[in-house]
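Keep the model open as you read.

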Amino acid sequence: MKKKLKKISYDLVAYIQIETEAIKDSNDKMMISSYCLGKLELVNWYIQLLETGSEKYVVPQSKEYLEGIRDQLIECHKAIMKVKVSNSHERPIIDIKYPKGYEG
């Protein structure tokens, strides 16, 4: 009996884009990069299964759809890698944002 695979969610790319905008440090960058690459690997595997006509698995989405997601994930990963994160050693320990006009 063939195993039906899980669908690739429609909101996957949007989620990665939003998380990319929220990157604050290298840990955030690594986490979203790993997540993105993991999903990219999954999409590529699904495409490969469709191309080889797998007897074991049922891929629930079309090759065209998956290729579109793959291309968007590649762009997302490029955007993630472009995000510059500040070195934690260069930041002040306490960074207080004073109101405009405050003279202390």
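Ile18 and Glu21 are exposed, and they sit on the face of helix H1 turned away from its buried side. This is a predicted model. The buried side of H1, which spans residues 12-21, holds Leu12, Val13, Ile16 and Thr20. Look down the helix axis: these buried residues fall within an arc of 95°, so they line one face of H1. What lies over them? The cover includes helix H2 (26-52) and helix H3 (63-82).

Now turn to the nonpolar core. In soluble globular proteins, nonpolar side chains tend to be buried together. Here the largest such core has 20 residues. Ile8, Ile16, Val43, Leu66, Ile69 and Leu73 touch the most other members. Each of H1, H2 and H3 supplies at least two residues of this core. H2 gives the most, with 7 residues.

Ile8 deserves a stop of its own. Leaving aside residues up to four places away in sequence, Ile8 touches Leu42, Val43, Tyr46, Gln61, Tyr65, Leu66 and Ile69. Is Gln61 buried or exposed? Its relative accessibility is 7%, under the 20% cut-off, so Gln61 counts as buried. A polar atom of the Gln61 side chain lies 2.9 Å from the backbone oxygen of Ile8. With residues up to four places away again set aside, Gln61 touches Lys7, Ile8, Leu50 and Leu66.

The aromatic rings come next. A pair of aromatic rings is described by the distance of the centres and the angle of the planes. How many aromatic pairs does a search of the whole structure find? There are 4. One of them joins Tyr15 and Tyr35, edge-to-face, at 5.5 Å centre to centre with 75° between the planes. Tyr15 lies in H1 and Tyr35 in H2, so the pair ties together parts that are 20 residues apart in sequence. Tyr15 counts as partly exposed, at 40% relative accessibility. Tyr35 is also partly exposed, at 33%.

Trp45 and Tyr46 form a tilted pair: 5.9 Å centre to centre, 50° between the planes. Trp45 is partly exposed, with a relative accessible area of 32%, whereas Tyr46 is buried, at 3%. Tyr46 is also among the contacts of Ile8. Together with Tyr57, Trp45 and Tyr46 form one aromatic cluster.

How values were computed:
Residues are numbered from 1 along each chain as its sequence is written. This is a predicted model: local features need pLDDT of at least 70, side-chain atom pairs count only at pLDDT 80 or more; totals for chains, interfaces and linings use all residues. Side-chain values use heavy atoms; hydrogens and water are left out. Buried means under 20% relative accessible area, exposed over 50%, partly exposed in between (1.4 Å probe, protein chains only). Helices (H or I, at least four residues) and strands (E, at least two) are DSSP runs, numbered from the N terminus. The arc is that of the directions from the helix axis to the C-beta atoms. Contact means heavy atoms within 4.5 Å. A polar contact is a pair of N or O atoms within 3.5 Å; within protein, one must be able to donate a hydrogen and the other to accept it, and residues adjacent in sequence count only if both atoms are side-chain atoms. A nonpolar core is a set of buried Ala, Val, Leu, Ile, Met, Phe, Trp, Tyr and Cys residues joined through side-chain atoms within 4.5 Å. Rings of Phe, Tyr and Trp (its six-membered ring) pair if their centres lie within 6.5 Å; planes under 30 degrees apart count as stacked, over 60 as edge-to-face and the rest as tilted.
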